[in-house]
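Open the model in your viewer and keep the selection tool ready.

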Amino acid sequence: MQTETPASAPARTRYAGPIWTLVLLAPLIAEVLSGSTRLSFIFVYIPEVMVWGCGALLCRELVRRWRAGATSLLLLGLALSVAEEFVIQQTSLAPLPFPGSNASYGRFCGVNWLYFLFMLGYESVWVTVVPVTISELLFPLRRSQPWLRKVGAIVVCAVFLFGSFIAWLSWTQFARPSLHAAVYRPPFVAIASGVAAILLLIGLAYLLRCVDGEMGSVATRAPGSLVTWTAGIAAFALCAVWFKLIAMLFMPVRTPVWIPLTAGFTGAVCSYALFRALSSSAWGDMPRWSVSFGAVMACMSVSYLSTAGWSRVDLIGKAILNLLALIALLWIGMAVHRRITPKLES
């Protein structure tokens with residue numbers, strides 16, 4: 001964090017660190033640390049970097065070029081999630097193939113609504129918002145700047161599209177049949193609706209770019225430690241509860257599906273309100289780190305409830321990676337505290 005390249009260095013050198021950090025961090029948090037991608041098939045991390053990493057980088061790039069705030073970043077994260085669920089892997093459109101899941105629960109009009117709601121929150125927060133926040137905490141001198149030039153943006157877009165094709169091909173044509181699920185071809189109107197939703201969310205992100213202050217601006221006052229840790233605990237609790245939505249698909253529940261859908265939507269609105277408050281300039285970097293820390297801890301810890309049947313190698317690998325992530329996050333928190341304390345005291 002204290003060894004960033006000088007401003008006189010070439011752009012490809014100045015921004016290589018932030019770019020690669022975000023590109024690798026987005027799938028690492030959302031897929032590897034959560035256990036969705038196990039050590040036994042870690043090779044899928046490469047297309048995940050191409051889709052999630054490049055997707056998160058493009059979302060952040062638009063926000064910076066628009067001089068927008070956290071609301072725009074969240075909306076772009078939602079657009080990326082819709083692209084994954086309706087266009088790329090089409091997981092929310094095809095009947096769920098996962099062993100032990102109740103594929104009919106929450107599915108109507110050709111959409112897995114409960115699964116889709118969970119993924120909207122999961123992929124927008126853990127793929128986009130949290131990795132972008134952590135990356136900018138690691139590179140504070142570059143946080144307010146775009147990281148891509150024109151050629152770089154074109155290359156990232158091309159990699160994203162190619163990675164999306166690989167993800168579509170590997171999941172819909174190979175992974176689903178391996179799970180004893182038939183190849184599913186969604187109706188054209190469903191995919192077209194997804195594309196329309198993506199364009200609408202991108203448009204809203206641009207129109208609402210001035211709703212809150214520019215994302216990642218420097219703190220104007222020092223928040224108390226109670227505020228910082230309360231924010232992290234609240235983030236952990238809200239994020240942990242969010243996983244209840246996906247868990248209901250694997251339990252013999254008789255709860256009418258409108259109840260978890262309504263509760264999930266309400267919880268998402270409350271989480272947005274908290275995130276928007278904590279991303280304001282008055283709160284500063286420590287609450288941002290605390291919220292990110294709580295979100296990652298929830299993602300890593302709650303996923304242990306679904307590790308039954310994992311191989312010993314996968315369990316050990318997840319434990320080691322989670323421990324390393326915990327150490328890294330604590331180091332980032334201490335570095336942020338050391339960095340901002342002299343400035344705020346002066």
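A pocket is an open set of points on a 1 Å grid over the protein atoms alone, where a 1.4 Å probe fits and protein lies on both sides within 12 Å along at least five of seven lines; lining residues have an atom within 4 Å of a point. Its volume is the space filled by probe spheres set on the points, which are joined across faces, edges and corners. This is a predicted model: local features need pLDDT of at least 70, side-chain atom pairs need 80 or more, and totals for chains, interfaces and linings use all residues. Numbering runs from 1 along each chain as its sequence is written, and side-chain values use heavy atoms, without hydrogens or water.

The largest pocket holds about 1700 Å³ of space. Select Glu31, Gly35, Ser36, Thr37 and Phe98: of its 41 lining residues, these are the closest to the centre.

**Stop two: the helices around the pocket.** Colour H3 (45-66), H4 (70-88), H5 (113-138), H6 (150-178) and H8 (225-247); each supplies at least two lining residues. H6 gives the most, six. Helices here are DSSP runs of H or I, at least four residues; strands are runs of E, at least two.

**Stop three: the whole chain.** Of the 346 residues, 49% are buried (under 20% relative accessible area; exposed is over 50%, partly exposed in between, with a 1.4 Å probe and protein chains only).

Select Cys109, exposed at 74% relative accessibility. Then pick Cys210, also exposed, at 65%.
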